[in-house]
Amino acid sequence: MTTLLLLQLLAILVAARGCGLLLRRFGQPAVVGEMAAGVLLGPVVFGQLWPATHAALFPATSLAPLSALATLGLVLFMFVVGAELRAPQGLRSQVRAAGLVGACAFFVPMAMGLVLAVWLYPALAPDGLAFWPFALFFAAAMSITAFPVLARILKDRGMTRTGVGQLSLNAAALADVFTWMLLALILALAGGGDGYAGFTRVAGGLLLIVALVFLVLRPLYAWLLRRHPLDEDGATVSFGLLLAGMLACAAATEWVGLHAVFGAFLFGACLPRDDRLLAVLIERIEHIAVVALMPIFFALAGLGMSADAFTGGSVGVLAAIVAVAVAGKVAGGALGARLAGHPWRPSLAVGSLMNARGLMELVVIKVGLDAGLIGPVLFTMLFAMAILTTVMTGPLLALLARGPRPAVQLEGGAAGGSASGGGLDT
């Protein structure tokens, strides 16, 4: 079993690095290549070309260790993302703007997804599943934003601390919380959870965890890191306690019904805003999480795909899903930014960033597949939609950066625009 696990990891890492390097030549972030590698390693490509080898390398009984490693990678990466966030200037206006963008980027694609679900239900809903659990889950899948992938895109483009980047990250976090709350309700309606008490448990548990993290852990770890900074010799105890806090928060959010990545992000966000601390976390944690562990999750998602999604009339269904997904997210995000008082081009840039679904989309649709809310064909279509919408993000941002500079910039952005001299302050 150990030898098989090592061979699986070797295949995943080689495919992820190769696809990442290839797509970087076309201006795409490495994460898109990792997602594409997941497709290549699944039954749609590898399984079709060499079925016997695929079955020997990825037998169903061997996937549990890969799943555990994938979860650990997500938790570590989101911990660093939370630690990296900085409060933007004009905090109250940014919170209001993030709320508007998050709400619009959630409800607009959700409403469009509900309409599309009426057409999809007869052909793609699992046998015996009622309409509303299917429709609500599909709408939730259309409304998700890939918070970790969005963070990766912003990091790759140097946009994490700009106005557009901060607004998009904050809004994506809010939209994803909405989606997970809705997902808890959907599981209750489908009979897969603890009834409506499960939904109450998620909401109440999340509020309790947020209060504990920011009222108790925040001052505690601020004191600890003042006494024993991570960049000093002999700081092993502090580093170990940081990892313990991260894992505890991740386990807490997993227990109440949210994904572990939210707990890791909350814990990272509660840490002091210290560039020295962030540099140590990136050096010790982020590289191993990004390079070695996150590609495993994409590979596991690719193993759940079905080749039937790309035959016959299914191609037209896939095109409709992608069109509705893009229109709902870009329009919803841009509408929220416009309601917050921002110009059109930065607003459309925010909407384009909210359209990136990759990682969290895969988490959501995997939950739906395991719960029987969707079948393998629709899972594959939503996987393909996640890749396509994420691939669109870079070109859309580049398109919006052309032309005359906007007269008004998002609050928190650089006063003089980007260093490259582009027209959009992203």
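Of the 426 residues in the protein chain, 54% count as buried, where buried means under 20% relative accessible area, exposed means over 50% and partly exposed is in between (1.4 Å probe, protein chains only). What you have here is a predicted model, so local features need pLDDT of at least 70 and side-chain atom pairs count only at pLDDT 80 or more, while totals for chains, interfaces and linings use all residues. Residues are numbered from 1 along each chain as its sequence is written, and side-chain values use heavy atoms, with hydrogens and water left out.

**Confidence**

- The protein chain has a mean pLDDT of 81, and 87% of its residues reach 70 or more; pLDDT is the predictor's confidence in each residue, from 0 to 100.
- Watch residues 405-426, where pLDDT stays under 50. The model has 55 contacts beyond four places in sequence for this stretch, a contact being heavy atoms within 4.5 Å.

**Overall build**

- The protein chain has 17 helices and zero strands. Both are DSSP runs numbered from the N terminus: helices are H or I with at least four residues, strands are E with at least two.
- Take the contacts in the protein chain with a separation of 6 or more: 78% of them come from residues 24 or more positions apart.

- Ala98 sits in helix α6 and is buried, at 3% relative accessibility.
- Setting aside neighbours within four places in sequence, Ala98 is in contact with Leu167, Asn170, Ala171 and Leu174. Ala98 and Leu174 are 76 residues apart in sequence, yet their C-alpha atoms are 7.7 Å apart in space.
- His54 is in helix α4 (residues 51-57) and is buried too, with 11% relative accessibility.
- Not counting residues up to four places away in sequence, His54 touches Leu41, Gly42, Pro43, Phe46, Gly47 and Leu303.

**Aromatic rings**

- A pair of aromatic rings is described by how far apart the centres are and by the angle of the planes. Rings of Phe, Tyr and Trp (its six-membered ring) pair if their centres lie within 6.5 Å; planes under 30 degrees apart are stacked, over 60 edge-to-face, and the rest tilted.
- That rule gives nine aromatic pairs. One of them is Tyr121 with Phe131, an edge-to-face pair at 5.4 Å centre to centre with 85 degrees between the planes.
- Tyr121 is in helix α6 (residues 91-124) and Phe131 is in helix α7 (residues 131-143), so this pair ties together parts that are ten residues apart in sequence.
- Both partners are partly exposed: Tyr121 has a relative accessible area of 25%, and Phe131 comes in at 23%.
- Phe297 and Phe298 make another edge-to-face pair, with 6.3 Å between centres and 75 degrees between planes. Phe297 and Phe298 are both buried.
- Tyr121 and Phe131 turn up again in an aromatic cluster, together with Trp132 and Phe134.
- Over at Phe239, the charged end of Arg284 sits over the ring, 5.1 Å from its centre. The cut-off here is NZ of Lys or CZ of Arg within 6 Å of the ring centre and within 35 degrees of the ring normal.

**Salt bridges**

- Side chains of opposite charge can pair when their charged atoms come close. A salt bridge here is a side-chain nitrogen of Lys or Arg within 4 Å of a carboxyl oxygen of Asp or Glu, and the count comes to two.
- Arg17 pairs with Glu34, with the closest N and O atoms 2.7 Å apart.
- Arg17 is partly exposed at 31% relative accessibility, whereas Glu34 is buried at 1%.
- Arg276 and Asp274 also meet in a salt bridge, at 3.6 Å from N to O. Asp274 is partly exposed, with a relative accessible area of 26%.

**Cysteines**

- A search of the whole structure turns up zero disulfides, a disulfide being a pair of cysteine sulfur atoms within 2.5 Å.
- Cys19 is buried, at 13% relative accessibility.
- Cys249 is in no disulfide, and the nearest cysteine sulfur, that of Cys270, is 6.7 Å away. Cys249 is buried, with a relative accessible area of 6%.
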